[in-house]
Every structure is written in structure tokens, then in C-alpha cells.
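Student: I'm new to this one. Could you walk me through it, step by step?
Tutor: Gladly! Have a look at it here, and then ask away.

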Amino acid sequence: MNKVLFFAHLRDAVGEEFLSVEASGKTVAELKADLGAKYNLPNMDTVMTAVNEEFAANDEVIQAGDEIAFIPPVSGG
């Protein structure tokens, strides 16, 4: 199993701070697509991803036990 953390508006959209999902063997892009479709998450292509607290590319393959965090872009003024 994998722990998937959500931040900012993604947390609000999912309704949870984190989910436990089986993502082993999927790429980051595949997980983004799956969760984006399931929870109707907007603009997942602009979301930064960290795997085990290190930024990860969309083609990185997720391993069993990895912790994945989705961090949307932040705007300021």
C-alpha cells in the first residue's frame, strides 16, 4: 500500500488529508490520472509530486510502501 498526501485545494476536493491506495508499479502520471478521474481533481498536470519527500518526475515508477505527495502550484500577491 501507498500513502498519498494531498495539499491545498486538492485536500479539499478529496475530502481527506491522505488516502491509502495500491499504486505499486504505476508511474506518477498514471496515479495522477487515476486519482484525477476518481475525485474530479482539476489541473493534475500542473501539480508537483514528491515521492518519499523528494520531487519526482511523471515517469517515476512508484514502489510498494512509497509515500506520494501532490502539491499544487502556489500563487501569491
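Student: How many aromatic pairs does a search of the whole structure find?
Tutor: Keep in mind that this is a predicted model. When the whole structure is searched, the number of aromatic pairs found is one.

Student: Is that pair stacked, edge-to-face or tilted?
Tutor: The partners are Phe 6 and Phe 70, with ring centres 6.0 Å apart and 40° between the planes. Stacked needs planes under 30 degrees apart and edge-to-face needs over 60, and the rest count as tilted. With its 40°, the pair is therefore tilted.

Student: How are S1 and S5 joined, parallel or antiparallel?
Tutor: Four bridges connect these two strands.

Student: What is the order of the strands in the open sheet?
Tutor: The sheet has five strands, and their pairing is mixed. At the edges are S2 and strand S4 (54-55), each of which pairs on one side only. The order is S2-S1-S5-S3-S4.

Student: At about what angle to S5 does H2 run?
Tutor: H2 lies across several strands: S1, S2, strand S3 (48-51) and S5. Relative to S5, H2 runs at about 65°.

Student: Which element gives the most to the largest nonpolar core?
Tutor: This core has 18 residues, and Val 4, Phe 6, Leu 31, Leu 35 and Phe 70 touch the most other members. Strand S1 (2-6), helix H1 (9-14), strand S2 (18-21), helix H2 (28-39) and S5 each supply at least two residues. The top contributor, with three residues, is H2.

Student: Over the face of which residue does Lys 3 lie?
Tutor: At 4.4 Å from the ring centre, Lys 3 lies over the face of Phe 18.

Student: Is Pro 72 buried or exposed?
Tutor: Pro 72 is in the segment after strand S5 (67-71). Beyond its neighbours within four places in sequence, Pro 72 is in contact with Phe 7, Ala 8, His 9, Leu 10 and Val 47. Its relative accessible area is 5%, and buried means under 20%, so Pro 72 is buried.

How values were computed
Residues numbered from 1 in each chain as written. Predicted model: local features only at pLDDT ≥ 70, side-chain atom pairs only at ≥ 80, totals over all residues. Heavy atoms only, no water. Buried < 20%, exposed > 50% of the residue type's maximum accessible area, 1.4 Å probe, protein only. Contact = heavy atoms within 4.5 Å. Core = buried A, V, L, I, M, F, W, Y, C linked by side-chain atoms within 4.5 Å. Pairing = 2+ DSSP bridges. Axes fitted to C-alpha atoms, helices over the stretch in contact; angles between N-to-C directions. Phe/Tyr/Trp six-rings, centres within 6.5 Å; stacked < 30°, edge-to-face > 60°. Lys NZ or Arg CZ within 6 Å of the ring centre and 35° of its normal.
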